[in-house]
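Dear colleague,

Please find the structure below, handed over for your review.

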Amino acid sequence: MAWRGRSRPQQNVTAPSISLSDLSLGKQRLNADTPPTCFDVFVRRGIDNRGPSPKIVSLGIKLIGSRVAYILRGSPAERAKLQPFDLVVAVDGVRLEAGHSLAEAVKHKRAPTLTIERPAVGAWTMLAQYIVDTSCPLWLGAAMACASGDTDAVLANVHRMMDGGIEWASRPYNDADICTMHLLAAAELGVQIGLPLEPLPVAIGMNLIEFALELGHSEMVACLLQLGHSEGAPQGSRLPHVAHHAELQPPSARPSGKGKGKCHQRSPSGGACSSAGTDSASSSDWSGSLYGSFSS
């Protein structure tokens, strides 16, 4: 159906940028209560001739629902100045309905016009909270603490998952987890908008211990392996493989993270995971740093 419900926004060749001076002066763009900005952006895509047949280059974005999670370097989306938390609401004036993917909507379009709702940077933390609350806050809290090298926060979240009977050692990251992690990273670094955000070194199918190993947090890996073995590795677990790989890594090869030597730290309460979601909202309160221990 055609775009309705509001007047058509003014079309731009690229998305309007937010200057660092606006952010540092604390202008209304940082206000979480500022309504989203709505605009059209024209995205030009080239042709990839490397395969057996030419194909249109992808937009270069990853989404949670219709919300942009991260943008690939050098992609058409980056050149059009799209940014994390942008919500794609229409393509060429046709609204994206529930269950309709952006990929399908732009599949045969070399230069689609996307209608974007851009929230104020000050709203990013609240939006990230909503997304986390539809998944598993403790699992994502452990993942983000791992990304920042905070062993204490990783172990606090892991112990709470253990207390709540939540499997963590062999649980793999899926696409939604990785997109959420990038949104959390963007929300934490929101005041640096305008600077490129490095993608996290995490892949679909990787588990928490492998993520810590990839980041070079050797003491964190040792603690997590100890906790994983204390629970008893479930059938099909990759813990033995990860443990063997960890033994091959020199302990001093990379930074080892904060809080070393505290493998037995316990959290006083358990936690629980809700069913996984994408872009739904929740009313629970935000607790702690984005990289710290999440409230369940």
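Strand 7 contributes the most to the lining of the second largest pocket, giving 3 residues; strands (E, at least two residues) and helices (H or I, at least four) are DSSP runs numbered from the N terminus. This is a predicted model, in which local features need pLDDT of at least 70 and side-chain atom pairs count only at pLDDT 80 or more, while totals for chains, interfaces and linings use all residues. Residues are numbered from 1 along each chain as its sequence is written, and side-chain values use heavy atoms, with hydrogens and water left out.

A pocket is an open set of points on a 1 Å grid over the protein atoms alone, where a 1.4 Å probe fits, with protein on both sides within 12 Å along at least five of seven lines; lining residues have an atom within 4 Å of a point. The second largest pocket is lined by 24 residues, with L63, L96, S101, L102 and A103 nearest its centre.

There are also 3 aromatic pairs in the structure (rings of Phe, Tyr and Trp, the last by its six-membered ring, with centres within 6.5 Å; planes under 30 degrees apart are stacked, over 60 edge-to-face, the rest tilted). F85 and W124 form a stacked pair, at 5.0 Å centre to centre and 25 degrees between the planes. F85 lies in the loop between helix 2 and strand 7 and W124 in helix 4, so this pair ties together parts 39 residues apart in sequence. Both F85 and W124 are buried (under 20% relative accessible area, 1.4 Å probe, protein chains only).

With kind regards

Notes:
Buried means under 20% relative accessible area, exposed over 50%, partly exposed in between (1.4 Å probe, protein chains only).
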